[in-house]
Amino acid sequence: MLDLIKLTAQVSALGQHLQQESLANQQRLQKAMAAFEQASRDPYRWQERWQTWQNHLAFTVASPQEAIEWVESIPMPVAQHTVVATDGSQIVPSHHEVAYCSLINVGRVVLPYGNGRWPLLDSLPLLFYRSGDLGQSRGIGVEDLLALRRTQAEMEELTQLALAAQGAAPLLALVDGSLIHWGLDDLSPTQQKEWLAPLLHSYDQLRAAGIPVAGYVSASRSSEVVNYLRVGLCPYLGCDCQHYCAEAARYPCHPFAPLSDRVFWASRLSPGQRSSLWQSGAKLLELYGDHRIICCYLHVGSEIARVEVPQWVARDPDLLSQALGMILSQVQKGLGYPVALAEAHHLAVVRGGDRQRFFALVEQELRRSGLTEIAVSRKEARKRQGIA
């Protein structure tokens with residue numbers, strides 16, 4: 001039980017800390033804005049330094065694909081359009097349960113507008129119980145392995161739904177979160193390629209059909225764009241972090257740490273506007289080929305969202321504008337968050353009652369199969385009963 005009385009003093013200290021951080025953040029933002037103005041006036045210096053020293057940097061840097069000060073207003077989509085979205089949740093296998101198995105549940109949503117068609121709102125459960133069902137990768141736990149498999153399932157279902165829904169009206173395939181699969185960072189290059197293969201195949205199919213795919217990142221903590229400003233502020237002859245700053249407690253090029261890109265762009269964008277396009281500097285994207293991820297920041301009214309698209313979407317102005325317009329419309333319909341993603345999440349989430357019913361169904365089937373020694377572990381049983 002949580003003792004709220006004992007917690008009160010700590011919460012009060014938290015409030016004071018956040019107030020101080022808010023004031024400090026304003027000072028960081030002013031410094032970042034000053035660096036941004038310098039980079040706007042002298043773009044060659046920043047680009048030349050980034051191109052020369054990008055492999056020597058100790059932090060991830062996005063590179064501009066347009067003039068960094070570029071801002072564009074996004075038009076709302078045409079009346080007839082369709083948005084497809086998926087999201088997933090999982091039940092992690094446990095040795096304390098009646099059977100060692102796992103479940104992925106993919107929420108599937110197709111929302112057609114302006115054509116009188118019925119929406120699709122359902123979920124697809126996927127059960128895994130054999131040792132090789134999830135695939136195998138050295139150095140990665142079962143829970144992380146399940147998360148990777150869930151990501152694949154979400155993208156595969158999204159692609160099939162989008163291909164089935166395509167027609168004359170514009171269509172958007174929307175993903176909750178980043179298109180950069182950071183969970184692969186700890187794997188070897190060979191394992192990364194194996195896990196990425198089905199995802200990149202899905203991108204190939206969507207590109208061939210002319211269907212844009214976008215990742216919507218709410219409350220992004222990324223600082224890739226702000227990190228680009230650091231390159232021109234480096235006081236040394238070369239931006240070699242390992243050589244000059246390996247022992248430094250604080251990098252001299254970063255007077256505005258830990259400012260996020262989202263906070264920075266909030267000071268420059270008005271509702272309905274997008275920032276300039278930036279190519280993410282994540283090392284993993286070297287394996288993406290023609291699907292390298294380009295991002296921009298979009299003021300959706302309720303927040304500054306990071307929107308990620310493959311470069312073939314970013315290089316087509318009409319396709320990009322179409323995708324961003326449908327995202328804006330989705331946020332309006334969802335009262336602050338894309339309604340398709342919200343519905344996909346609700347359809348996918350496995351609540352406590354669902355989990356209990358799932359394992360009850362498993363237990364029932366095991367007994368029907370003739371197995372009699374079926375029970376949860378003593379630890380799990382005791383946790384469910386409590387002491388009183």
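Modeller: A quick definition before we start: helices are DSSP runs of H or I with at least four residues, strands are E runs of at least two, and both are numbered from the N terminus. Please keep in mind that this is a predicted model.

Colleague: Thanks! With that in hand, how many helices and strands does the protein have?

Modeller: The chain has 388 residues, of which 46% count as buried. Its C-alpha atoms fill a box of roughly 75 × 60 × 45 Å along the principal axes. Counting the secondary structure of the protein gives 12 helices and 11 strands.

Colleague: Which residues have the most contacts inside the largest nonpolar core?

Modeller: In soluble globular proteins, nonpolar side chains tend to be buried together. Here the largest nonpolar core has 69 residues, and helix α3 (residues 142-165) gives the largest share, 9 residues. Beyond its neighbours within four places in sequence, leucine 174 is in contact with residues including Val83, Leu158, Tyr216, Ile327 and Leu341. Inside this core, the residues with the most contacts are Leu174 and Ile327.

Colleague: And how many residues are in the other core, the one with Trp50 and Trp278?

Modeller: That core lies apart from the largest one. Ala62 and Tyr297 are also among its members. Its size is 30 residues.

Colleague: How many residues of α5 are buried?

Modeller: Tyr228, Leu229 and Val231 are buried, and so are Glu224 and Arg230. Helix α5 is mostly covered, and its buried residues number 8 of 8.

Colleague: One last thing: which helix do the buried residues of α10 pack against?

Modeller: In α10 (residues 339-348), the buried residues are Val339, Ala340, Leu341, Ala344 and Ala348. Their packing partners include the strands β3, β4, β6 and β7. The helix on that list is α9.

Note on methods: Residues numbered from 1 in each chain as written. Predicted model: local features only at pLDDT ≥ 70, side-chain atom pairs only at ≥ 80, totals over all residues. Heavy atoms only, no water. Buried < 20%, exposed > 50% of the residue type's maximum accessible area, 1.4 Å probe, protein only. Core = buried A, V, L, I, M, F, W, Y, C linked by side-chain atoms within 4.5 Å. Contact = heavy atoms within 4.5 Å.
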